[in-house]
Amino acid sequence: ASLPDENWYTRSITIPAPAAAREPRALMNLRDISRAGLEIKSGDKLTGVTVWVAAGAAGLRGKVVAGKEGASLPSRLRVHLAPVDAALANEVLRYAEVLTRNDGSFAFNNLAPGKYWLLARTVPDDEPVDRPPRPLSWDSAERARLRIEAEKKKIEVELKPCQRLKDFSFKF
């Protein structure tokens, strides 16, 4: 979601559960589509979607640097954030990714507060440059691979509510 202010983040996205799956309690009548996704086909009409936005978003700016002195970075890198907490492993809204600039710098905005692992990956040569790709975290298998790879690297950052962390750097 593109939010109008850096202090907000998307907390959840829900839709009413199908009538057959409804529980007696009102809050149980919502299905979290930010977790499971939702397939929408051309011509489909969708009503009842609720996007919950919360105040207290964090931001992270930094730079990926070469792991060895004198080495250069690949021409295209993507930095990923994955939640450290295993209970949030399937919370798609807790993942983020951005391309680095030519100097290796990156910036994340509108992040939910919490602990994250950072991971930099080389962008495949066959990936188009004229349009952004579908985020890897939208695919459950890729999301699991991201978490495993990020956990091995152990580059961790904790973001507090409303925190703007600047000048964070890590080696590729």
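This report covers a sheet, a nonpolar core and salt bridges in a predicted model.

## Basis

Local features need pLDDT of at least 70 and side-chain atom pairs count only at pLDDT 80 or more, while totals for chains, interfaces and linings use all residues. Residues are numbered from 1 along each chain as its sequence is written, and side-chain values use heavy atoms, without hydrogens and water.

## Sheet

An open, antiparallel sheet is formed by 4 strands in the order β6-β5-β8-β9. Strands are DSSP runs of E of at least two residues, helices runs of H or I of at least four, numbered from the N terminus; two strands pair if DSSP finds at least two bridges between them. The edge strands, β6 (96–99) and β9 (156–159), each pair on one side only.

Strand β8 (residues 114–122) pairs with β9 over 4 bridges, and G114 has L159 in β9 as its bridge partner.

## Core

The largest nonpolar core has 22 residues. Such a core is a set of buried (under 20% relative accessible area, 1.4 Å probe, protein chains only) Ala, Val, Leu, Ile, Met, Phe, Trp, Tyr and Cys residues joined through side-chain atoms within 4.5 Å. L118 is one of those with the most contacts inside this core.

## Salt bridges

The structure holds 9 salt bridges (a side-chain nitrogen of Lys or Arg within 4 Å of a carboxyl oxygen of Asp or Glu). One joins E127 and R78 at 2.6 Å, N to O. E127 lies in the loop between β8 and α2 and R78 in strand β5, so the pair ties together parts 49 residues apart in sequence. Both E127 and R78 are buried.

Conventions
Buried means under 20% relative accessible area, exposed over 50%, partly exposed in between (1.4 Å probe, protein chains only).
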